[in-house]
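Subject: Handover of the complex

Hello,

Here is the structure I promised to pass on. Please open it alongside this note, which then goes through what I found.

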Amino acid sequence: MDLQKHITDATTEIFETMIMLDINAGDPIVEKINNFKRSVSGVIGLAGSCKGMLAIHLPDKVAMSITGSFLGMDVTEVNDDVTDAIGELANMVAGNIKMILDEKGNNVTVSIPSCVHGDEYTLDTVSDSKRVVIPFNIESGQFLVELQIKN
Amino acid sequence: MKTDLQQNIIDATQNVFDTMLMLPITSGEPLADKVYQFKDSVSGMLGFSGDIQGMLTIHCPQKVAFAITEQLLGMSVASVDEDVKDTIGEMANMILGGIKDAFLHQGTDINLAIPTVMAGRSYQVKGVDYASWTTVPFCLNDGEFLVELKLKTLK
Amino acid sequence: MGKRILIIDDSSTMRKIVSRSLRQAGLDFDEILEAADGQEALDLLEKEKVDLILSDINMPNMDGMEFLRQKKENDSIKDIPVVMITTEGGADIIGEAKSLGAAGSIKKPFKPETINEVLSDLI
């Protein structure tokens with residue numbers, strides 16, 4: 001399972017089509033990153049023949065700028081519009097990943113997303129699953145897409 | 001799907017506490033207003049999908065998370081470490097497993113994803129507006145915790 | 001040498017929880033060994049003698065079902081009783097485990113008495 005490619009393709013497609021922002025994928029981040037400051041994290045579960053979870057971690061600034069592009073308006077604080085937009089972003093990326101996994105013979109369904117926001121929080125998955133974290137660069141900064149698949 | 005979500009949550013949570021934890025808890029009335037701001041807390045989230053999509057979240061103040069972990073592991077806990085996070089994640093897993101059984105009796109089949117655990121001094125957890133939510137508070141000696149079930153409402 | 005139980009689960013916390021439950025159940029055993037997935041368990045079983053195995057189903061690298069399949073093909077370990085520990089265990093999953101040689105299953109959450117009921121005849 002080439003999780004790096006799945007994540008890169010799924011995320012890039014959303015940004016090129018729906019959000020229309022220039023985006024560049026970086027190399028997978030190997031160190032464990034689970035501590036986030038002044039950030040927003042959209043989290044969604046994957047279930048069925050593959051169990052897993054997808055999370056998108058963005059600094060507040062980047063979350064606001066993506067929301068602004070999504071909604072076509074200026075966003076100056078992390079409000080409900082931002083958490084809804086980031087939840088929706090996680091939903092769309094997971095949806096793309098689901099399609100890629102299904103094309104390879106799996107049967108995956110996605111849950112509903114939740115969005116976490118705080119000055120400082122940790123976010124961990126409990127299981128020892130295969131985990132890939134890809135950084136993406138857009139004009140307003142960098143965000144991470146993390147995919148964990150258990151089997 | 002006709003089901004009493006409040007009762008499903010209470011039964012599943014009670015079962016975990018009666019069997020593996022052997023800690024007495026009492027359930028309260030479902031919350032009328034959403035709670036999404038948490039301080040010095042640990043929250044375990046677990047998504048599910050299948051016949052219906054949703055997410056189960058358990059929100060515990062640190063003290064309660066420690067008490068549950070100590071009870072399950074039989075050792076004392078001083079900080080929100082891997083054992084505490086794994087325990088809260090496992091609680092979400094077991095409670096949702098019980099809810100899955102209740103749903104199955106109604107002919108609704110769901111599959112569980114993998115749990116994620118958040119912790120911090122101050123954080124918010126928000127859902128989406130196309131989901132219905134039911135949040136039940138539970139009390140034990142060391143405090144109160146919340147079990148929240150969000151379901152994608154059929155349009 | 002006293003009886004030894006192997007716990008297979010990818011969560012180290014879950015292994016501690018199951019260990020504790022085994023002790024609380026008052027079963028007759030001396031030592032608990034641990035493995036994080038099916039492959040680690042197979043590697044451990046090449047060197048260590050074990051009297052009973054408790055295994056999770058959903059694990060990365062090699063899950064519980066694949067572990068059962070491979071164990072069945074190995075003459076030196078195929079007769080060690082395995083009890084599956086499940087969260088989502090529907091009748092079909094448990095049926096599949098039994099057809100692969102599992103001696104039984106325990107659904108989480110479980111009471112110490114349940115552990116006793118299912119395991120005391122096997123150890």
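First, a term for the strands: two strands pair if DSSP finds at least two bridges between them. Helices (H or I, at least four residues) and strands (E, at least two) are DSSP runs, numbered from the N terminus.

This is a predicted model; local features need pLDDT of at least 70, side-chain atom pairs count only at pLDDT 80 or more, and totals for chains, interfaces and linings use all residues. Residues are numbered from 1 along each chain as its sequence is written, while chains are lettered from A and ligands numbered from 1 in the order in which they are written.

The predictor gives the complex an ipTM of 0.93 and a pTM of 0.93.

**Chain A**

Strand β1(A), residues 24-25, pairs with β6(A) in the antiparallel sense over two bridges. There, Ala25(A) has Phe136(A) as its bridge partner. β6(A) also pairs with β7(A), again antiparallel, over nine bridges. A hairpin of two residues joins β6(A) to β7(A). Ile138(A) is bridged to Gly141(A) in β7(A).

Helix α2(A) covers residues 60-71. Its expected span (1.5 Å times one less than its number of residues) is 16 Å, and its end C-alpha atoms are 16 Å apart, which agrees. Its buried residues (20 or more other C-beta atoms within 10 Å of their own; exposed is 12 or fewer, partly exposed in between; C-beta atoms are placed from the backbone) include Val62(A), Ile66(A) and Phe70(A). Among the elements that cover them are α1(A), α3(A) and β6(A). After the helix comes Gly72(A), with a positive phi near 70°.

The contact (C-beta atoms, placed from the backbone, within 7 Å) takes 34 residues from chain A and 35 residues from chain B. On the chain B side, β5(B) gives the largest share, 11 residues. By class, that side has 15 nonpolar, 12 polar and eight charged residues. Here Ala, Val, Leu, Ile, Met, Phe, Trp, Tyr, Cys and Pro count as nonpolar, Asp, Glu, Lys and Arg as charged, and the others, Gly among them, as polar. β5(A) and β5(B) pair in the antiparallel sense over 10 bridges. One of the bridges links Cys115(A) to Lys126(B).

**Chain C**

Chain C has an open sheet of five strands with parallel pairing, in the order β2-β1-β3-β4-β5. β2(C) and β5(C) are at the edges with a single partner strand each, so one side of each has no neighbour in the sheet. The twist averages 20° from one strand to the next. (Axes are lines fitted to C-alpha atoms, for helices over the stretch in contact, and angles run from 0 to 180 degrees between N-to-C directions.) β4(C) and β5(C) pair over four bridges, and Met84(C) stands opposite Ser105(C). Helix α5(C) packs on the sheet, touching β3, β4 and β5 of chain C. Its direction makes about 175° with that of β5(C).

Finally, look at Lys72(C), which sits in helix α3(C). Lys72(C) is partly exposed, with 14 other C-beta atoms within 10 Å. Gly101(C) is 29 residues away in sequence, yet 7.1 Å away C-alpha to C-alpha.

Best wishes

Methods
Contact = placed C-beta atoms within 7 Å.
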